[in-house]
Amino acid sequence: MKYTQEICPILQKDSLNRTTFSFVVQSEKAVQTMQPGQFAQLRVTGKTLRRPISVCDFSREAQWIRFVFEIRGEGTAILSRLNEGDSLDILAPLGNGFAVNPAEKAVFVGGGIGVPPLLGASAAYGANATVLLGFRSLRAVILADEFQTNGADVRIATDDGTYGHHGFVTELLAARLEESPCDAVYACGPTPMLKLVSAEAEKRGVRCMVSLEERMACGIGACLGCACKTRREDGSETYSHVCKNGPVFDSREVVWQ
Ligand SMILES: Cc1cc2nc3c(=O)[nH]c(=O)nc-3n(C[C@H](O)[C@H](O)[C@H](O)COP(=O)(O)OP(=O)(O)OC[C@H]3O[C@@H](n4cnc5c(N)ncnc54)[C@H](O)[C@@H]3O)c2cc1C
Ligand code: FES
């Protein structure tokens with residue numbers, strides 16, 4: 001895993017809702033080898049541990065990386081107070097991202113703050129992408145218009161029915177997989193959602209890649225803090241590191257707890 005530490009000026013800051021922020025930062029080094037679905041460790045002033053945030057999107061040519069994050073605790077609250085002109089100290093790119101193939105028909109399934117990494121991953125697919133997004137309510141909906149601008153067929157579910165389908169995003173997935181064939185499913189979101197997404201894809205024999213989340217310390221495979229149970233090809237179980245072997249795994253490798 002080749003990563004770099006870089007001080008990245010914040011070029012653009014937007015708030016997507018009361019607690020969710022988008023930062024576009026300038027990057028000359030880290031962006032060069034970046035792949036969709038990878039993540040960065042962001043240094044937070046006053047905190048020993050960096051915080052892992054997925055790459056939402058990036059441009060190697062224009063040398064920028066975009067992060068979208070939600071305030072969860074103190075670290076992300078401190079990050080949210082940074083402004084354009086300030087800098088982010090990042091370690092990136094980290095982990096293994098999505099192996100995308102825009103010539104294929106793919107379904108992208110995102111839940112809540114798991115949605116951002118799917119934006120960059122699905123961008124090149126245009127109309128070959130169906131994007132299924134699940135949120136708690138209308139107020140939590142983020143990035144839907146941007147997926148649409150990229151040409152994807154976007155469908156939304158909310159838990160409380162205030163927007164789109166009233167129910168879970170996995171219900172939209174089951175319906176989409178019944179409609180017409182697709183080559184792959186890519187998913188990021190809460191673990192119970194990923195488990196259901198994997199089951200829907202696997203029972204139809206569709207390749208499924210899931211981006212897992214674990215609490216992380218080092219983010220580079222050195223502290224053993226982010227272990228998750230996985231299955232080897234021979235069926236025996238072992239432990240992998242979400243930061244180094246993931247965060248993206250083939251769903252058949254994951255031993256769901
Ligand atoms: C590979 C990876 C990519 C991520 N990408 C994004 C992203 O693009 N946008 C985004 O908003 N968040 C993302 N997260 C989650 C983000 O790292 C945490 O929300 C953040 O570290 C919390 O830090 P904090 O100091 O604000 O909160 P803390 O005080 O550390 O924790 C606050 C709450 O968040 C929970 N939490 C902390 N870390 C995680 C975690 N890794 N997974 C799930 N819950 C956690 C804690 O259990 C606690 O309930 C990602 C996490 C991982 C592992
Ligand atoms: S966070 Fe240290 S090994 Fe993964």
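View 1. Residues are numbered from 1 along each chain as its sequence is written, while chains are lettered from A and ligands numbered from 1 in the order in which they are written. In this predicted model, local features need pLDDT of at least 70 and side-chain atom pairs count only at pLDDT 80 or more, but totals for chains, interfaces and linings use all residues.

**View 2. The residues nearest to ligand 1.** Ligand 1 has 20 residues around it. Those that come nearest are Ser-54, Phe-69, Gly-73, Gly-75 and Thr-76. A residue is near a molecule or strand if its C-beta atom, placed from the backbone, lies within 6 Å of it.

View 3. β4 (51-54) gives the largest share, four residues. β6 (64-70) and α1 (74-80) each supply at least two. Helices (H or I, at least four residues) and strands (E, at least two) are DSSP runs, numbered from the N terminus. Domain 1 (4-94) and domain 3 (212-257) each give the shell at least three residues. Domain bounds come from an automatic or database domain assignment.

**View 4. Where domain 1 touches domain 3.** The centres of these two domains, taken over C-alpha atoms, are 23 Å apart. Eight residues of domain 1 and seven of domain 3 form the contact (C-beta atoms, placed from the backbone, within 7 Å). On the domain 1 side, β3 (39-42) and β7 (87-94) give two or more residues each. That side has five nonpolar residues, two polar and one charged.

Notes: Two residues are in contact if their C-beta atoms, placed from the backbone, lie within 7 Å. Ala, Val, Leu, Ile, Met, Phe, Trp, Tyr, Cys and Pro count as nonpolar, Asp, Glu, Lys and Arg as charged, and the others, Gly among them, as polar.
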